[in-house]
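Please open the model in your viewer and keep the selection panel at hand. The stops below are to be visited in order.

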Amino acid sequence: MGRNDDTKNPTNRGEEFLQVFKKGAEFTQELLKENEKLRYRLVGLEEALGKGPSDGSEDDAETLQLRQRVLELEREKEEILGRVKEIEEENEDFAHRYVEIEEENNMLANLYIASFQLHSTLDFKEVLQIILEIVINLIGAEEFGVLLLDEKTNRLEPVASEGLSTSDIPAVAIGRGIIGEAAQSGENYFIDSMAGYERNFEQPLVCIPLMIKDQNIGVIAIYKLLVQKDEFNSVDYELFTLLAGHAATAVFSSRLYSDSERKLSTIQGFIDLLTK
Amino acid sequence: MDVRKVLVVEDSPTMRQLIVFALKRIRGLKISEANDGVDGLKKLSADTFDLILTDINMPIMDGLKLVSMVRNDPRYKEVPIVVITTEGAVEDRERALALGANEYITKPIQTTTILDTVKRLLA
């Protein structure tokens, strides 16, 4: 019977269809809105995942560990580089020190030979010859003289020289001029500047007093250096001082021995004369 | 270790001792000494040497004469000669080198220079 009603009222059926279509359209609109909302939410979630704090996943934890390890390694690298730099500086210091010690060692070895030679004889002339050889070969002097104190006159008299005649070197009174003052004070004298220096007996390049404790027995006065020796180095200054002490005792003892030998010879001659 | 023989020709006993003492730091060296050029030639004729160190200013026969004679003798033609001298002028150096010296070292004595030179020439 319903079927019959439908067929009987086509206007109602059209309205019903329109109603259904409208509802379908409204539903579709609602679905589209819902879809739009979900899409916004999805974008929001994706952004939150991309920029926001870690969500504690395994990948994030591993990345964090790797970052920490990289930082640790960077720190270690910096420390190692710093240590390498320190070691390089230490190495350079050791190299410099090695050279210095080698030079000191050479100087001591030379001084050992020099003092050994100086004390190897009691012959006064031989001692003077050894002093000359040492000053030439170890110091590099070309013109110089050795002046010894004459206690009777209180003057420094030239007794040996190299590169010039001994008789050309003037005697010097103790306390007078550079040489006399150096002998009196016991202090080594070095000229301020060697540039343009010409030999001057009043003003040597170097004057080294020969001292036994506080007692002066003479000086070594240098007037010219070898052409290849244009300046003194630190080793030379040490050498001068050490050498002056050894030369002084060698000269003193050899002179004492020569005097005693001479006296002994005189006494022996006198005894021989009396006993014959 | 091979023993290398070195002849030191120097009239000054002090200088000779300085050189010998320095050379003793090189292991395996047998060092002989001569007072002058003539003495040096005598030592050379009695033994073979791997290196000669000589002074120039010496009595009887100077170092330059010795260098010349050694270089003109076929037996010692290849033996290195080192001159150690106070003569620091360029012409002195050139003269010694022209006569056949291998190295020219000037005084005052520099132990390191002598040792380095000897080691290099004996290597």
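Is E90(A) buried, partly exposed or exposed? Select E90(A): this residue is partly exposed, with a relative accessible area of 38% (buried means under 20%, exposed over 50% and partly exposed in between, with a 1.4 Å probe and protein chains only). The model is predicted, so local features need pLDDT of at least 70 and side-chain atom pairs pLDDT 80 or more, while totals for chains, interfaces and linings use all residues; side-chain values use heavy atoms, without hydrogens and water. Residues are numbered from 1 along each chain as its sequence is written, and chains are lettered from A and ligands numbered from 1 in the order in which they are written.

Next, display the open sheet of 6 strands, ordered β3-β2-β1-β6-β5-β4 in chain A, with antiparallel pairing (two strands pair if DSSP finds at least two bridges between them). β3 (172-173) and β4 of chain A stand at the edges with a single partner strand each, so one side of each has no neighbour in the sheet.

Now select strand β5 (residues 206-212) of chain A, in which 6 of the 7 residues are buried. Towards β4 (residues 189-190), 2 bridges join the antiparallel strands, and F190(A) has V206(A) as its bridge partner. Towards β6 (residues 215-225), there are 7 bridges, again antiparallel; C207(A) is partnered by A221(A) and L210(A) by G218(A).

Finish at K213(A), which takes a positive phi near 55° in the hairpin of β5(A) and β6(A), with 2 residues between the strands.

Terms used. Helix = DSSP H or I, 4+ residues; strand = E, 2+ residues; numbered from the N terminus.
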